[in-house]
Amino acid sequence: PALRLRRMRRRWGSCSNRGEVTLNIRLVERAEALIDLVVVHELCHLLEFRHSQRFYRLMDAALPDWRRRAEALDRGDLAPGG
């Protein structure tokens with residue numbers, strides 16, 4: 001899939017219905033574990049476009065602690081666990 005990097009105001013990443021993944025360039029300011037979260041999230045969208053049960057099963061299989069990482073990212077932490 002195509003990968004683009006750009007400054008995004010409201011999102012850390014996105015995946016289009018054509019399979020183009022875009023990542024926020026500000027991710028470089030975050031810990032590798034949080035970058036991994038965003039990358040895995042967008043890659044799961046390549047298999048399941050919507051936030052469905054199947055999507056969350058894919059996330060659980062690929063990154064079992066994704067919820068903890070997502071909370072850290074939502075809080076604005078630089079790394080998981082704060």
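Colleague: What does the side chain of His 45 reach?

Modeller: The side chain of His 45 comes to 3.2 Å from the backbone oxygen of Glu 48. This is a polar contact, defined as a pair of N or O atoms within 3.5 Å; within protein, one atom must be able to donate a hydrogen and the other to accept it, and residues adjacent in sequence count only if both atoms are side-chain atoms.

Colleague: Before we go on, what sort of model is this, and what do its values rest on?

Modeller: This is a predicted model, in which local features need pLDDT of at least 70 and side-chain atom pairs count only at pLDDT 80 or more, while totals for chains, interfaces and linings use all residues. Residues are numbered from 1 along each chain as its sequence is written, and side-chain values use heavy atoms, with hydrogens and water left out.

Colleague: Back to His 45, then: where is its place?

Modeller: His 45 lies in helix H1. Helices (H or I, at least four residues) and strands (E, at least two) are DSSP runs, numbered from the N terminus.

Colleague: And is His 45 buried or exposed?

Modeller: His 45 counts as buried because its relative accessibility is 8%. Buried means under 20% relative accessible area, exposed means over 50%, and partly exposed lies in between (1.4 Å probe, protein chains only).

Colleague: Which residues does His 45 touch, leaving out those up to four places away in sequence?

Modeller: With those left out, His 45 touches Cys 15, Arg 50, His 51 and Phe 55. Contact here means heavy atoms within 4.5 Å.

Colleague: Where is Glu 48 found?

Modeller: Glu 48 sits in the loop between H1 and H2. Glu 48 is buried, since its relative accessible area is 18%.

Colleague: With which residue does Glu 48 form a salt bridge?

Modeller: Glu 48 pairs with Arg 54, and their closest N and O atoms are 3.2 Å apart. A salt bridge is a side-chain nitrogen of Lys or Arg within 4 Å of a carboxyl oxygen of Asp or Glu. Arg 54 is partly exposed, at a relative accessible area of 37%. The side chain of Glu 48 also makes a polar contact of 3.4 Å with the side chain of Ser 52. Beyond four places in sequence, Glu 48 is in contact with Arg 54, Phe 55 and Leu 58.

Colleague: How many salt bridges does the structure hold?

Modeller: There are six. One of them joins the side chains of Glu 20 and Arg 18 at 3.0 Å, N to O. Glu 20 is partly exposed at 25% relative accessible area, whereas Arg 18 is exposed at 64%. Asp 77 and Arg 75 form another, with closest N and O atoms 2.7 Å apart, and Asp 77 is buried at 14%.

Colleague: New topic: which residues touch the most other members in the largest nonpolar core?

Modeller: Leu 37, Val 38, Met 59, Trp 66 and Leu 73 do, in a core of 17 residues. Two or more residues each come from strand E3 (21-24), helix H1 (32-47), helix H2 (53-62) and helix H3 (66-75). H1 gives the most, with five residues. A nonpolar core is a set of buried Ala, Val, Leu, Ile, Met, Phe, Trp, Tyr and Cys residues joined through side-chain atoms within 4.5 Å.

Colleague: What is Met 59 in contact with, apart from neighbours within four places in sequence?

Modeller: Its contacts are Leu 37, Val 40, His 41, Cys 44, Pro 64 and Trp 66.

Colleague: Where is Val 40 found?

Modeller: Val 40 belongs to helix H1, and Val 40 is buried, at 18% relative accessibility. With neighbours within four places left aside, Val 40 is in contact with Met 59, Ala 62 and Leu 63.

Colleague: Finally, which residues form a nonpolar patch on the surface?

Modeller: Leu 3, Leu 5 and Ile 25 do, with about 300 Å² of accessible area together. Patches are made of residues with over 30% relative accessible area and no salt bridge, with like charges joined within 9 Å and nonpolar side chains (Val, Leu, Ile, Met, Phe, Trp, Tyr) within 5 Å. Accessible areas come from the Shrake-Rupley method with a 1.4 Å probe; for residues, only the protein chains shown count as cover. Leu 3 is in strand E1 (residues 3-6) and is exposed, with a relative accessible area of 58%.
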